[in-house]
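Biologist: Please go through the packing terms used for this model and say what each one rests on.

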Amino acid sequence: MKNILFALRRPAVIIGLSLLLLQLALIVFAPVLSPYSPVEADPLASLLPPSVDHWLGTDINGMDVLSRIIYATRINLLISVTSVAIAFLIGVPLGLLIGYYRGVASGLAMRLLEFIQAFPVFVLGMALVSVMGQEIWNVAIVLAVLFIPVFARLIRAEVLSLRERPFVAAARCSGARDIDIMFRHLLPNALMPAMVQVSVSIGMAILLTAGLSFIGAGVRMPTPEWGLMVSSGAQQMILGVWWVSLFPGLAIVIAVLCFALLGDVIRDLLDPTKARKHSRALGDPLTAASVGEQK
């Protein structure tokens with residue numbers, strides 16, 4: 001509790017939580033906040049600059065940029081959170097297994113993960129999307145495949161450093177089964193890097209989703225998506241039509257910044273050394289005395 005109170009005093013936490021609440025509000029209240037339909041084209045209102053009627057202007061199809069940005073928050077976060085959740089649920093148990101057990105199967109699993117990570121992200125993403133189809137759920141599955149090796153390797157590295165510790169040997173001597181040792185003793189102590197990576201990966205997934213859509217390998221028009229909006233407005237930038245690409249680009253920056261800040265906060269809260277410093281800063285005499293004794 002004290003760590004949370006200390007974290008709430010930091011400007012980065014306030015900014016990150018504020019941006020997260022803003023995105024959640026856009027997701028929940030999109031129909032109320034959007035002044036126009038995000039997918040209905042109006043040729044008579046093509047490429048209108050920001051005005052009272054269209055606060056952020058319109059694109060080449062006459063669709064309101066503000067409405068599309070608001071609805072795109074749903075699409076981008078749905079794809080990003082879903083892909084990272086799938087990667088976490090598959091990658092963490094996989095990393096736990098290949099880190100605990102040694103043998104041919106673990107070696108083959110590591111070679112497969114290295115094979116996936118050897119490909120350039122966009123090249124592999126383009127290939128998978130082209131095979132599976134340019135649908136929202138297909139993009140989420142493709143990103144999950146790309147992120148599974150990240151979580152698996154993180155957990156494996158932690159398990160390799162923990163499996164020879166005395167508490168694991170004590171658990172074996174007490175008759176604990178391998179599954180109990182892995183999920184009751186090793187996993188709770190190995191989760192911190194993966195928990196921090198979740199927030200960072202969501203930000204990366206937002207960038208990858210936008211990047212795939214920008215090059216034509218993501219979702220298709222007229223689906224409101226930030227990268228697709230930037231791509232549709234990039235051709236008009238040279239003509240001075242800056243608003244079609246600028247505002248969706250700023251939305252990407254804000255979303256990625258939000259999860260980057262939250263990732264730093266999660267790392268600080270889960271780090272026991274930072275926890276002791278936070279307790280000292282809040283004036284906890286017992287913690288301060290224990291830290292003094294350690295020195």
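This is a predicted model: local features need pLDDT of at least 70, side-chain atom pairs count only at pLDDT 80 or more; totals for chains, interfaces and linings use all residues.

Modeller: Residues are numbered from 1 along each chain as its sequence is written, and side-chain values use heavy atoms, with hydrogens and water left out.

Biologist: What makes a set of residues a nonpolar core?

Modeller: Its members are buried Ala, Val, Leu, Ile, Met, Phe, Trp, Tyr and Cys residues joined through side-chain atoms within 4.5 Å; buried means under 20% relative accessible area (1.4 Å probe, protein chains only). The largest such core has 58 residues, and I69, L143, L186, I206 and W226 touch the most other members. Helix 4 (65–100) is among the helices that each supply at least two residues. Helix 4 gives the most, with 15 residues. Helices here are DSSP runs (H or I, at least four residues), numbered from the N terminus.

Biologist: Which residues does L186 touch, not counting residues up to four places away in sequence?

Modeller: L186 touches L96, Y100, V159, L162, R163, F167, V168 and I181. Contact means heavy atoms within 4.5 Å.

Biologist: Why is helix 5 called oblique to helix 7?

Modeller: Helix 5 (residues 104–118) and helix 7 pack at an angle of about 135°, their axes 9 Å apart. Angles under 35 degrees count as roughly parallel, over 145 as roughly antiparallel, 65 to 115 as roughly perpendicular and the rest as oblique. Therefore helix 5 is oblique to helix 7.

Technical notes. Buried means under 20% relative accessible area, exposed over 50%, partly exposed in between (1.4 Å probe, protein chains only). Axes are lines fitted to C-alpha atoms, for helices over the stretch in contact, and angles run from 0 to 180 degrees between N-to-C directions.
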